[in-house]
Amino acid sequence: MSTLSDQELVIAGLFIGAVLIVTLVVSLLYYVITALGLGRMFRKAGEPAWKAWIPGYNLYILYKRCWTAKMFWIWLVLDFAGMLVNKLRGDNLILSLIVIILGIASIVIMAKHCGRVARAYGRGAGTAVGLFFLPMIFDCILGFGKSVYTAPAEAKE
């Protein structure tokens, strides 16, 4: 087995550092653009824009405004339960099936949520699909575009 020279180790370290910096910059850019779009969406819905900058809480506010806060908690519990069972499953077929079922339930709730957000801003199925697959772009379209928020009848605390 060959060992790396000092020069090769330095080059490898620089490469890893560069990858980490690029990843950090792209992640921060994604976060800022998403928060700006959500902030504008929140203002249209009568919420302060600062709430868009808090990860997790911004999703809670969006659920509360476009569906119900209860559905946010159900989605969150399903998501965390799926992750927990996935960690514990090992080679157990039953636990693997439970992970799949929890994942599908979580995806279905998120898809319905995207539909409700689109509808709350006067948009249709195309926007709902966009919110599901490209949320950063479609949050900005709803926030900075001409969409108007109309509170759904079922939106509750």
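User: Is Cys-114 buried or exposed?
Analyst: Buried, with a relative accessible area of 6%. Cys-140 is buried as well, at 18%. Buried means under 20% relative accessible area, exposed over 50%, and partly exposed in between, with a 1.4 Å probe and protein chains only.

User: Ground rules, please. What sort of model is this?
Analyst: This is a predicted model: local features need pLDDT of at least 70, side-chain atom pairs count only at pLDDT 80 or more, and totals for chains, interfaces and linings use all residues. Residues are numbered from 1 along each chain as its sequence is written, and side-chain values use heavy atoms, leaving out hydrogens and water.

User: What is the mean pLDDT of the protein chain?
Analyst: It is 94, and 97% of the residues reach 70 or more. pLDDT is the predictor's confidence in each residue, from 0 to 100.

User: New topic, aromatics. How many pairs does a search of the whole structure find?
Analyst: It finds 12. Rings of Phe, Tyr and Trp (its six-membered ring) pair if their centres lie within 6.5 Å; planes under 30 degrees apart count as stacked, over 60 as edge-to-face and the rest as tilted. Tyr-57 and Tyr-60 are a stacked pair, 6.1 Å centre to centre with 20° between the planes.

User: Where do Tyr-57 and Tyr-60 lie?
Analyst: Both are in helix α2 (residues 57–66), 3 residues apart, about one turn of the helix. Helices are DSSP runs (H or I, at least four residues), as are strands (E, at least two), numbered from the N terminus. Tyr-57 counts as partly exposed because its relative accessibility is 30%. Tyr-60 is buried at 17%.

User: And how is the pair of Phe-72 and Trp-75 arranged?
Analyst: Tilted: 6.1 Å centre to centre, 40° between the planes. Both residues lie in helix α3 (residues 69–88), 3 residues apart. Phe-72 is buried at 6%, and Trp-75 is buried at 12%.

User: Which residues do ring pairs link into a cluster?
Analyst: Trp-50, Tyr-57, Tyr-60, Tyr-63, Trp-67, Phe-72, Trp-73 and Trp-75.
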